[in-house]
Amino acid sequence: MYPDWSGKFPVKHPRPDYNKGMDNPSCHILINRDAGDRATRVTGLLERAGLKLKVQEFAGGHLPDEVPGSDVHDLILLFTDASVQACETLLRQLRTARRDIPCLLICRSPSRWLPMLSLGAAGLVSESQLETASGQVQFVYQVNRELEQLRLRREGRRAAGNVRELYQRLQLFIDNTSDAVATLQNGLHLSANPAWLTFFGFRSLPDVFAVPFLDLVADEDSEKVRSFLQQPFNNGVQRCEFTAIRRDGSEVLAALDGAAISINGSQSLQLMVQTAKGNIKHENAVRSALSKDLQSGLLNEPGFERALNQAISAAVYQGSSSAVILLTAPQMAEILVVLGKTDSHLLMRDIASVLQAKCPPQSVIGRLNDGDFAVLLPDADSEACMTLLSSLDCLETVLQSMAPADMTLAFHCGAAMISDEAPDAETLLVRARQHLTIRRHTERNGRDNSTLSSDSQTLEALRQAMQDENLLLVYQPTVSLRADEREHYEVRIRVPVADRLIYPEEFLQAAIQHGYGERLDRYVLSHAMKTIASQENTQLRLTVNLTANTLLSKTFPVWLSHELKRQNQSPGQLILQLNELDILSAPNEARTLCQTLSTMGFELAIARFGCSLDPFRLLGMVSAEFVKLDRSLLQHIDLDSQQRERLHDVVSHLQAQGIRVIAPLIEDIELLPLLWQANINYVQGNCLRQPSEQIETGLFREQEVSLPQPGQHSESL
């Protein structure tokens, strides 16, 4: 027997809708008509979970609409009182007609209906599962997950339609232009417009497809044209002049432009040929000068960004990963002032020569508008990137000989991987600058800084865990030393593999440099909201860390706003935490994001506060309610009185601005009285409690910290 489902649904904040839109569109559900009262109970359960339903009954053996596509359905709930044959008929009809409608089978004995999964059933739901509160929660989330995946598939089909429409418009433009345009793949013609046929004297497209492009080039120019076409990172900057051979044997001097493009995921070349006019060498010299930095002779910023964008396209469409390395010299501006204009030009040329000698031949080197240098390493993995990064770190001896007396010329280097997660050239350069900041900080503290050298198997395990939604979230309490009714926990992440857990220290920085950080943040935030909903505790506060990728994202605030609405959640129980080094690496982006998040109602926290030389300037960029101190401020406070005074001064300055202070990584319980004396608001550490998969509220609510009397050495919690 089914329980009485007329009461309140046990999840306080379920996912209310799977569709975007202003009017909260309805979900069209089909249920077999012989389900009876069970269908009413299930639909009532879904409606109380926030879904707006339009329910239609059908016979169970076939869809109700005779013409496929004449009616739109979003979900089929099939109670398996119907015969096995009827279920098979329905699933085969869906597959044959290619109808994308998820079908959930609700059955008394799921093991009997397992063959239905091979026919396309979205899942099996046991009727006994619906008799428990946890089973009802699981069922609602299973329905919402199917609806969300359906929405994404429909959006994908709409996007594919838009791409086809764009391709048709582009093809129409190419067909009607007077310029001769063709597409090559592996040296053979893939397509050509009428102007191309006319230019070379072909009668029809089949005649073109049978002729390689180099057969249309005079023998004396074939090597020159072949070399021109093998420079994908420089295409579009220069033109190639060659002698074209028409089908009637006549020759004409032609100018060739080329660009690397992707067609159906394969590398292709799009060529445009015109009759040569004017001085091509002079035109190429002008084009080259426009893309070069006048001082160093390297690519300027617009030219380097074009190369980066082509590398991004190669990563997205061909799966070819690359790397970009940023080199900055802190004293470069002062050195250029001392040297003057003429010697500055010579210095830039010398630096360019050194970089060209150190970097592989296929590298693309540029100088950015702010004076920094950048290297694009095509077709490189993280190991090749780290090898070049280490080589460039050793340039200090060579460069120092070029600097004026009493001045230091040394490059600090940072890198970012160009993967299919790379959004644009600007974001890649900011990621590289953030990596540079992290490397400098770790160098000062004597720690290993090879953050890009994470094992490829670890990154693959991370990608697979994100794809399977198999990441493990753990929660560590942040215990208040002052009066605070709220219960704070920080969310941490682990990657489970077969025999162990992978901790963030092993994968996080490499994941950020490969562009996976924002996906991790979205995953953690989405599941943190579900945790808040399941706890039903208004005093609970969860702190979620945001990576550097999210700091640079232009779409994250929009996604977060939608996710709050989708889960019917308010921002008041979430605290978003940013790293001090990330904020310093991208101050403008950090200021914009934090202003947006504060407007949305989130409280903000700054982690690792105090690891830079002047951390208080961050408070002008970020209106934070909390700061988590860097561990350097807490070292040896039990032994060093000056360190305790410094800690007390930092805490006093922060609290004077209304900011609450967290002391992290506390491993020794005997430090708690000293932290209490320093007016620390919260402490966090394994001596109190290690991160756990479960949240157990109320653990520290009645606890106190007592100060030791003179001569005593024990403290109680």
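Residues are numbered from 1 along each chain as its sequence is written, and side-chain values use heavy atoms, with hydrogens and water left out. In this predicted model, local features need pLDDT of at least 70 and side-chain atom pairs count only at pLDDT 80 or more, whereas totals for chains, interfaces and linings use all residues.

The chain holds 22 helices and 23 strands, taken as DSSP runs (H or I of at least four residues for helices, E of at least two for strands) and numbered from the N terminus. Of its 717 residues, 50% are buried, that is, under 20% relative accessible area with a 1.4 Å probe, counting protein chains only. The accessible surface, computed by the Shrake-Rupley method with a 1.4 Å probe, comes to about 34,500 Å², and carbon and sulfur atoms account for 49% of this surface. Among contacts (heavy atoms within 4.5 Å) with a separation of 6 or more, 68% join residues 24 or more positions apart.

Five strands form an open, parallel sheet in the order S2-S1-S3-S4-S5, two strands being paired if DSSP finds at least two bridges between them. Strand S2 (53-58) and strand S5 (123-126) are the edge strands, each pairing on one side only, and neighbouring strands of the sheet are turned by 25° against each other on average, direction ignored. Within the sheet, strand S1 (residues 27-32) pairs with strand S3 (residues 75-79) in the parallel sense over three bridges, and Ile29 stands opposite Leu75 in S3. Helix H2 (residues 84-96) lies across S2, S3 and strand S4 (103-107) and runs at about 165° to S3, where axes are lines fitted to C-alpha atoms, for helices over the stretch in contact, and angles run from 0 to 180 degrees between N-to-C directions.

In helix H7 (residues 222-229), the buried residues are Ser222, Val225, Phe228 and Leu229. Seen down the axis of H7, these residues fall within an arc of 125°, taken from the directions from the helix axis to the C-beta atoms, so they line one face of the helix.
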